[in-house]
Amino acid sequence: MSDWPQPPAPDLHHASYVTLAGADWLASASPHPRRVHHLWATHPSAPSVLPCGTVFDVISAPALFGRRMADCLWAAGPGSGPVAMHRDRLLLFAARGTAQRLPSLLAWEEWARSVPPLLCHGAGDAVSIPPLYPRPAAPGAPPPPSRWLVAPDVRKPWLPGPDVLLWACVRAARSAPTARPAAPDAVRPVPPRAPARA
């Protein structure tokens with residue numbers, strides 16, 4: 001597109017911004033991809049909302065657990081598809097149908113109780129995605145609340161399916177630090193009783 005913004009400054013890491021091919025892929029989720037491209041061409045540093053269920057599903061996890069899932073996917077698995085941070089949630093872009101199947105697969109897994117609640121966005125849902133290009137941050141400023149960790153950079157990125165994300169959930173749950181066990185009832189302080197009446 002001729003009105004497409006210039007690429008970001010060379011000091012930005014390539015994973016932090018969406019390439020033109022990645023933007024084409026994201027826009028294809030919309031029923032009006034040309035309008036989405038126009039919006040991005042005029043406001044590349046504004047977040048957007050895209051529908052799920054046609055091109056991708058999105059699994060939203062609490063930030064720390066989601067980061068563990070992404071680390072498991074990259075350390076001992078096939079890697080991840082696009083990954084974004086939006087406020088305090090990690091958004092894992094997944095294959096279509098994952099939002100419907102992953103909860104039922106987790107229900108059968110013995111580690112399911114160790115997995116925090118996941119929000120599974122599929123057909124009929126929409127998600128907020130980070131800006132294509134991050135705004136320049138002041139030195140020492142915290143990262144923006146909405147940003148790409150693994151930005152889409154190709155027209156057809158690989159997307160994990162429900163089985164791959166189930167594996168990542170189980171690995172992340174197993175690697176989570178265990179909570180300190182509660183004191184047994186026998187050693188808990190007993191509240192004082194009222195004196196017995198005669």
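Colleague: How many aromatic pairs does a search of the whole structure find?

Modeller: This is a predicted model. In a search of the whole structure, the number of aromatic pairs found is five.

Colleague: Take the pair of Trp25 and Phe56: is it stacked, edge-to-face or tilted?

Modeller: The ring centres are 5.3 Å apart, and the angle between the planes is 45 degrees. Planes under 30 degrees apart count as stacked and those over 60 as edge-to-face, with the rest in between. The pair of Trp25 and Phe56 is therefore tilted.

Colleague: Is Trp25 buried or exposed? And Phe56?

Modeller: Buried means under 20% relative accessible area. Trp25 has 6% relative accessibility, so Trp25 counts as buried. Phe56 has 0%, so Phe56 also counts as buried.

Colleague: What kind of pair do Phe93 and Trp148 form, and which strands hold the two residues?

Modeller: Their ring centres lie 5.6 Å apart with the planes at 35 degrees, so the pair is tilted. It links distant parts of the chain, 55 residues apart. Phe93 is in strand β4 and Trp148 is in strand β7.

Colleague: Which residues form one aromatic cluster with Trp25?

Modeller: Both pairs discussed above belong to it.

Colleague: Asp57 is buried; which side chain of opposite charge is nearest?

Modeller: Asp57 lies in strand β2. A salt bridge needs a distance within 4 Å, and Asp57 has none. The nearest side chain of opposite charge is 7.0 Å away and belongs to Arg96.

Colleague: Which backbone nitrogens lie by the side chain of Asp57?

Modeller: The contacts of Asp57 include Gly97 and Thr98. The side chain of Asp57 reaches one backbone nitrogen at 2.9 Å, that of Gly97. At 3.1 Å from a polar atom of this side chain is the backbone nitrogen of Thr98.

Colleague: Which backbone oxygen does the side chain of Arg147 reach?

Modeller: Arg147 is in strand β7 and is partly exposed, with a relative accessible area of 23%. Beyond its neighbours within four places in sequence, Arg147 is in contact with Ala84, Met85 and Pro130. The backbone oxygen that its side chain reaches, at 2.7 Å, is that of Pro144.

Key: Residues are numbered from 1 along each chain as its sequence is written. This is a predicted model: local features need pLDDT of at least 70, side-chain atom pairs count only at pLDDT 80 or more; totals for chains, interfaces and linings use all residues. Side-chain values use heavy atoms; hydrogens and water are left out. Rings of Phe, Tyr and Trp (its six-membered ring) pair if their centres lie within 6.5 Å; planes under 30 degrees apart count as stacked, over 60 as edge-to-face and the rest as tilted. Buried means under 20% relative accessible area, exposed over 50%, partly exposed in between (1.4 Å probe, protein chains only). Helices (H or I, at least four residues) and strands (E, at least two) are DSSP runs, numbered from the N terminus. Lys and Arg count as positive and Asp and Glu as negative; His and the chain ends are not counted. A polar contact is a pair of N or O atoms within 3.5 Å; within protein, one must be able to donate a hydrogen and the other to accept it, and residues adjacent in sequence count only if both atoms are side-chain atoms. Contact means heavy atoms within 4.5 Å.
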